[in-house]
Amino acid sequence: MPTQEQVQDALREVIDPAFGKDIISLGFVQELKIADGRVALDLQIVRSSEEANESLKQQVERSLQGVEGVEAVAVRLTSNARSSGAPSDQGALPGVANIIPIASGKGGVGKSTVAANLAVALAQTGARVGLLDADVYGPSIPMIMGATEAPERGGRGILPVTCHGVKTISTGFFTKPDQAVVWRGPMLSKMLTDLAHQVEWGELDYLLVDLPPGTGDVQLTLCQQVALTGAVIVTTPQPVAASVAQKAIIMFEQLKTPLLGVIENMSYYESRTTGERELIFGAGGAAAISKKWKIPLLAQIPLATTVRETSDSGRPIVLEDPEAPASKAFVEAAARLAAEIAMKNANAAKPVEINF
Amino acid sequence: MPTPVRINRHGDHDIEIEWDNDQTVVYPSRFLRLNCPCAVCEDEVTGKRIVQDSMLPILTYPTKIESVGRYAIQIYWSDSHSTGLYTWETLWALAAKIDDWKAGLKPS
């Protein structure tokens, strides 16, 4: 019978070409079971490309079959993500494996567009995804995701609206379009915790939270009252956006929320007629942040009229035009994000255990 | 900076923290109450301690401990106080002060 070490060593030889790392370090191997000469495991996939996933699976099978004593190998592909905490954790949402705030310091960097496209791209890999729009003052997720129905009551309170395979909830669902929300901080915090806890999410691999810009009440409440997996920072290449984004990074560091990655939006503009690239907002903002704070740069999303149009029409670009450069960048960002989460959760220190 | 792995009850009311650097520290509960980092117990500007030993009931002990995010715990005290968030930094720094505090309790 092969030992656990022999099997692990064989799996360490399987390198995912997209990340240049082995699948054990990436945390993609789940539920590894060895019984007599049979090895069974779940292999987490983070891409929707059947070809790439199938090729990785075959590599795993080949590598395991080379181990002495292995008679049969069963590899099951799964898009279920490992959870970042124990279900008993204070602040954990039941059934939700990972909660990921999407934040920026500065407003207007395209945070909601990035959040919506990431959510749809993750859902396309087969993962179960939720999207919580926490921008009480300017909720834009309903428009970007094309949500027309209002949420219904059910379960623990509210049932999310499913848009393009993503369970969506927004504060915008509860206010009329011609109404403005004029609230003070404490009411914002209450609204957010109510939304997080009273929505019947069901089983989710990822819940993305589209935060309002800044470092105020909503961000603080979320970090203190919800057990977060880690945050994603969105910025443009422009120095003024990048410098404000660092304020958000400092806030998350202070609140001990890990940072999973930075996404540079509006990186460049590619002319539709000449194909010439123009750096409208300058260059290097996100790369500098990534280097300074040691946070992975998940993707650089080009500025394109179609991104704007698809956001306004309620069909995110990853759905509407999967071949567009922006779509490919979003899909890449989603895969990298899922890998960062898998890696972090596989190697994470356990949350503190309180026996008092 | 080490982080806590486990927080246990020690004796009747004291708090034992197992840190991930394999050190275990027993915090006398009154010592922790006196070092509560909240704005009611410590002047936010000067850092001067406001809560004094004489202000607390003779028996003051924790009734409940909850984790806050991934960076602190909140202790609910028998004197109805609960606003202090004890961060890992605070707790680790306090570990070094326990012996001095105990020494000060003995009649000189």
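Visitor: Does A:Gln124 count as buried or exposed, and how many C-beta neighbours does A:Gln124 have inside 10 Å?

Guide: Please note that this is a predicted model. A residue is called buried if 20 or more other C-beta atoms lie within 10 Å of its own. A:Gln124 has 20 C-beta neighbours inside 10 Å and therefore counts as buried. A:Gln124 belongs to helix α3 of chain A, which spans residues 111-124.

Visitor: How are α3(A) and α11(A) packed, and at what angle?

Guide: Two packed helices are described by the angle between their axes and the distance between the axes. For α3(A) and α11(A), the angle is about 70° and the axes are 9 Å apart. The two helices α3(A) and α11(A) are therefore roughly perpendicular to each other. On the side of α3(A), the contact is made by A:Asn117, A:Leu118, A:Ala121 and A:Leu122. On the side of α11(A), the contributors include A:Phe330, A:Val331 and A:Leu337. Sorted by class, this contact of α3(A) with α11(A) has nine nonpolar residues, one polar and no charged.

Visitor: Which strands does helix α11 of chain A lie across?

Guide: Helix α11 (residues 325-347) of chain A lies across β13, β14 and β17 of chain A, and runs at about 175° to β17(A).

Visitor: What is the order of the strands in the open sheet of chain A?

Guide: Strands of a sheet pair through backbone hydrogen bonds, either parallel or antiparallel. Here, eight strands of chain A form an open sheet with mixed pairing, in the order β10-β11-β7-β12-β6-β13-β14-β17. The edges are β10 (161-163) and β17 (297-300) of chain A; each has a single partner strand, so one side of each is left without a neighbour in the sheet. On average, neighbouring strands of this sheet are turned by 25° against each other, direction ignored.

Visitor: In which sense do strands β6 and β12 of chain A pair, parallel or antiparallel?

Guide: Strand β6 (residues 99-103) and strand β12 (residues 206-210) of chain A pair in the parallel sense, over four bridges. Across from A:Val209 in β12(A) stands A:Pro101.

Visitor: At what angle do the axes of helices α7 and α8 of chain A cross?

Guide: The axes of α7 (residues 239-254) and α8 (residues 285-293) of chain A cross at roughly 30° and come within 9 Å. Consequently, α7(A) and α8(A) are roughly parallel to each other. The crossing of α7(A) past α8(A) is right-handed. Among the residues in contact are A:Ala245 and A:Ile249 of α7(A), and A:Ile289 and A:Trp293 of α8(A). The residues of this contact of α7(A) with α8(A) comprise nine nonpolar, two polar and no charged.

How values were computed:
Residues are numbered from 1 along each chain as its sequence is written. Chains are lettered from A and ligands numbered from 1 in the order in which they are written. This is a predicted model: local features need pLDDT of at least 70, side-chain atom pairs count only at pLDDT 80 or more; totals for chains, interfaces and linings use all residues. Axes are lines fitted to C-alpha atoms, for helices over the stretch in contact, and angles run from 0 to 180 degrees between N-to-C directions. Angles under 35 degrees count as roughly parallel, over 145 as roughly antiparallel, 65 to 115 as roughly perpendicular and the rest as oblique. A crossing is left-handed if the near helix is turned anticlockwise from the far one by less than a right angle, and right-handed if clockwise. Two residues are in contact if their C-beta atoms, placed from the backbone, lie within 7 Å. Ala, Val, Leu, Ile, Met, Phe, Trp, Tyr, Cys and Pro count as nonpolar, Asp, Glu, Lys and Arg as charged, and the others, Gly among them, as polar. A residue is buried if 20 or more other C-beta atoms lie within 10 Å of its own, exposed if 12 or fewer, and partly exposed in between; C-beta atoms are placed from the backbone. Two strands pair if DSSP finds at least two bridges between them.
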